Every structure is written in C-alpha cells, then in structure tokens.
Amino acid sequence: MPPLRRSAVVPRASSISLEPVSLHLYDTGTRTIREFVPLEPGRAGMYVCGATPQAAPHIGHLRSGVIYDLVYRWLLRSGYDVTFARNITDIDDKILAVAADTGVPWFAVAEANQRTFGRGYDVLGCLPPTIEPRATGHVPEMITLMRRLIDAGHAYSVDNDVYFDVKSWADRYGELSNQKLDNMMDGRDTAGADLKRDSRDFALWKGVKPGEPSWETPWGPGRPGWHLECSAMATKYLGEAFDIHGGGMDLIFPHHENEAAQSQAAGDGFASYWMHNGLLTVNGDKMSKSIGNVVQLTDLLEKARPVEVRYYLGAVHYRSNIDYTDAALAEAAAAYQRIEGFITRAAEVAGSPVTGAELPEAFVAAMDDDLGVPQALAIVHETVRAGNNALAAGEHDQARDALGSVRAMLDVLGLDPLSAQWRDKGGDDLRSVVDALVAVTLEQRQAARARKDYAAADAIRDGLSAAGIVVEDTAHGPRWELRRA
C-alpha cells in the first residue's frame, strides 16, 4: 500500500499521537479494535447494507450514507483500490405493505423511493458506490446459495418455504451478536412458523402468497428472505471472502447474524471486519411516524445548507449514538462556516494554495484510529485558528500553508467548499450575474465613502442587506456573500 503523505506544518492536538500508524477499525465480531489487513494487499472490498425503499430516506439513513462515504474516502486516500457495494432491498415485506395500502405497484414504490435515496446521497456529497445491486436482479445467486445450504444439511424446504436450520450451526450461531442460541427468541419472519423444525430457524425463501410477486425455484415459487439477499449480493461482487461489512447497530441481530451464519455454513469466509454505526434519535425520542418526529432531508435543508448537514452527520464518531436537535444542527453549521470563512479570506488575501498539499500527521493518526473524525476535525479547527492568526499578522505564506492543509483535510472529509461537488451546477452563472450587479452597487458605495457621504454609503449597504447580501469591508476592499439562514 502506498504511504500517505504527511506534514508537520500545522499545530497538533496534544491528545493525539503523532507516530505514524496503520489503519485500525473496531470489529463487532471480535469486539476489539483491529489493524486493518486486507485479504489482498492494496485492495479492499466493502459491502454496506443499503436502503429498503418503502419510504423516502430519513436522517438516520442519511447519517449511514455519510459515514460509509467517509470510510470509502479514507480507504481510497490510504491508497487502496476499493470495491464498494451498497445494495438495494427492492423486494421486502415493508414494500409490499406500502403497495397494498396505497394501491401502487410494489416495484413502483421501490423505484420511486430509491431515486429519492440516490438524490439524498448525492445532495450530501456522497460518492457513488462501485456497484449498487438490487435484490430482484440476483435470484439465481440466491437459488445457488440455498442449494449449497440444503446439500450441506444447513437448510430445508417445507411447503414452498426454505429455512436455515440454526441448530445445525449451533456452536457458532450468535458469535457476531455475542448471544447464546438458548437465550434467543423465536423467529417471526414467516406466517407459517409452525412448519419450522425449530422456532428460531429463519426464512431463506418465502413461498408465494396471493397478490405477491414470485420467482420460480426448485422448491416452489416465492420470493427471497431479507438475509439471503445480502449474502448473495455481497459474495457475487466481492467474492466468497471480503474485507468489510457495514451497517447500523440495529442490524447486528438478526440480519447480520443471519447473513454470517448462512454464508459461513455454506463454506464462504464472508466478512473479515464488521463495522456498525450508532443510531439516531430526535429530541430524545426514537423516530416514529406515530409520534410524527421523522426528520427527512427536506426538513434539514430548510435549516442548513447540504454541506453543513454533511458536516453535522459526520462530525460525531461513527460508533456513537446521536440525538438530533435543531440547535445541534445550527451549532454544526456555525462551526463549518468558521472554516469556510477562513478559506474564503485566505484565498482572497494569500492566494490559492499549491495543489496536493500534504495531510498533517495528527489528522492521519486520527483517521487511522477507527476513523476518528471528531479528532480529525479538531486538527482542522486548530489549523484554521493558526491561519486566521497568520492573516491578522500579515503572514501570507503561513496563511497559504494553512489554507492548503485545511483544504487537503476537508477534501478527505468531502467538505471542501471550493471543490466542484459543492459548487452549484448552475450557481456559477448565477453568481456571475449577481457579482456584476453587486459590483456596480459597491462602486457607488465606495464613491459615496470617498466623498465622505457616509449616510449614502450606509444606505446602500442597508439596501444590500435587505436583499440578503452581506458586505464586509476588508483591507483589500469590500467583499460580499449571501446571508445564510
């Protein structure tokens, strides 16, 4: 793996080790932080459980999207050739329930909501995954996996259903979630649970029911179970053994436990590292339609810009639970605006930094320590403070160095305000028009100031402010920006 470039130009947080370290990740399976050693040097395979698109994405889905985008970006920046698969569960009980309630075909429900998920990820600056497989496109792989399990004595068919026999895997079932089989509750994933050999067996395939879509299999027509879908898609694109499997903590059991059991029982090595992100509440409560506290992207964008929402969702360590409040979002937006303000001033005064600036050692150490984004952002803010001090002292070379370091770090985090991803595709044209209009007005204001007609100058400034344009007088002349909500 090629080494990361590091720099000691910027201040370093005393709480962060400066010794170069390799990437370490918390592995749910072993409940320890382990050094990341990929199965194939220089390459990394990552599978993340994606959406079940029965509805538009809420803030919890969006947080997961940002978190695994950060993992993806850091693996890429660390020199790995990454294959990132994030699935779409486009056939599921929940989707069928929405279709029945609304009278909309199940595939139209899934497609419409999946497009909304895709737009949401894109709005928040998430890189597209290498592959985004849909469950309905991988039934042949699911049939193959079921046949392997039946032949090995780990699954059985009854009345068009196919079940995984948990007792056949009793010594290992529960490893991931750190549970004992004897302490587990009955599985409730099929209507005909009385047909199971053991009440804890879980469905690999669900026999056809009136009005539901179905696919033909050697054991009868039906549709796949949720757990089977992910195992088939993960190994299809990443191989029988791969490096990282990610998802929310709520998926550890039963979903990820069942994935691991069926895949390993079939003879696949499956995932080497299991990553799980913390969950999200709203004002102290779990999100629920019945409570009416589901927060969607449109709600967030009424209060903050997309880049500020991304900053908020990624700033807390990925394994921590977070409680969303409007105040917390506003605080994160203000923190990002302080960074953005320095970049704008430094770029105007000190000039653009040399491209390809090195990452500070402390930043690299923080990211390598189980993706320590909070500590990495502390380095960003320290560098911003040093850069602002340099600007105040007229030390333009130091300010330019700080600018380069800040932008390099923000690039890793997907937060650089000057990057193409955060420039409105039509915004440059709009900016040029507004620029021209404001420039004329500012010239009039400067002329009023030059003739000491301060009342007229203030009136012009007040007029711009009323139009949502904030003017700042600097040593290099007036600069303007649109007022933020």
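Strand 4, helix 1 (residues 59-77) and strand 5 form a right-handed β-α-β unit. Right-handed means that, with the strands pointing away from the viewer, the path from the first strand over the helix to the second runs clockwise. Helices (H or I, at least four residues) and strands (E, at least two) are DSSP runs, numbered from the N terminus. The model is predicted: local features need pLDDT of at least 70, side-chain atom pairs count only at pLDDT 80 or more, and totals for chains, interfaces and linings use all residues. Residues are numbered from 1 along each chain as its sequence is written, and side-chain values use heavy atoms, with hydrogens and water left out.

Let us stay with the two strands of this unit. Strand 4 (residues 43-48) and strand 5 (residues 81-86) run parallel and are joined by six bridges; two strands pair if DSSP finds at least two bridges between them. Within this pairing, Tyr47 has Ala85 of strand 5 as its bridge partner.

The helix of the unit has a further partner. Helix 1 packs against helix 12 (residues 396-413) at an angle of about 125 degrees, with the axes 8 Å apart. Here axes are lines fitted to C-alpha atoms, for helices over the stretch in contact, and angles run from 0 to 180 degrees between N-to-C directions. Helix 1 is therefore oblique to helix 12. On this scale, angles under 35 degrees count as roughly parallel, over 145 as roughly antiparallel, 65 to 115 as roughly perpendicular and the rest as oblique. Which residues of helix 1 meet helix 12? They are Leu70, Arg73, Trp74 and Arg77, and they meet Ala408, Asp411, Val412 and Leu413 in helix 12. Contact means heavy atoms within 4.5 Å. The residues of this contact divide into five nonpolar, no polar and three charged. In these classes, Ala, Val, Leu, Ile, Met, Phe, Trp, Tyr, Cys and Pro count as nonpolar, Asp, Glu, Lys and Arg as charged, and the others, Gly among them, as polar.

The axes of helix 4 (residues 139-151) and helix 5 (residues 226-238) come within 9 Å and cross at roughly 105 degrees. Helix 4 is thus roughly perpendicular to helix 5. From helix 4, Glu141, Met142, Leu145 and Met146 take part, meeting Leu228, Glu229, Ser231, Ala232 and Lys236 in helix 5. Five of the residues in this contact are nonpolar, one is polar and three are charged.

Thr136 lies in the loop between helix 3 (106-123) and helix 4. Leaving aside neighbours within four places in sequence, Thr136 is in contact with Asp90, Ile91, Trp106 and Trp215. Thr136 and Ile91 are 45 residues apart along the chain, and their C-alpha atoms are separated by 6.7 Å.

Next, some backbone details. Most residues other than glycine have a negative phi, and most peptide bonds are trans. Arg31, in the loop between strand 2 (24-27) and strand 3 (32-35), has a positive phi near 55 degrees. Arg31 is partly exposed, with a relative accessible area of 36%. Asp159 is not a glycine either, and its phi is positive at about 55 degrees. This residue sits in the loop between strand 6 (155-158) and strand 7 (161-164), and Asp159 is exposed at 59% relative accessible area. The peptide bond from Phe253 to Pro254 is cis, with omega near 5 degrees, and Pro254 belongs to helix 6 (residues 252-265).

There is also an open sheet of three strands, in the order 13-12-14 with mixed pairing. Strand 13 (285-286) and strand 14 (322-324) stand at the edges with a single partner strand each, so one side of each is left without a neighbour in the sheet. Strand 12 (residues 280-282) pairs with strand 13 in the antiparallel sense over two bridges, and Thr281 stands opposite Lys286.

Finally, helix 10 and the whole chain. Seven of the eight residues of helix 10 (residues 361-368) are buried, among them Phe363 and Met367. Asp370, with a positive phi near 55 degrees, follows helix 10. The protein chain holds 14 helices and 17 strands, and 49% of its 485 residues are buried.

Notes
Buried means under 20% relative accessible area, exposed over 50%, partly exposed in between (1.4 Å probe, protein chains only).
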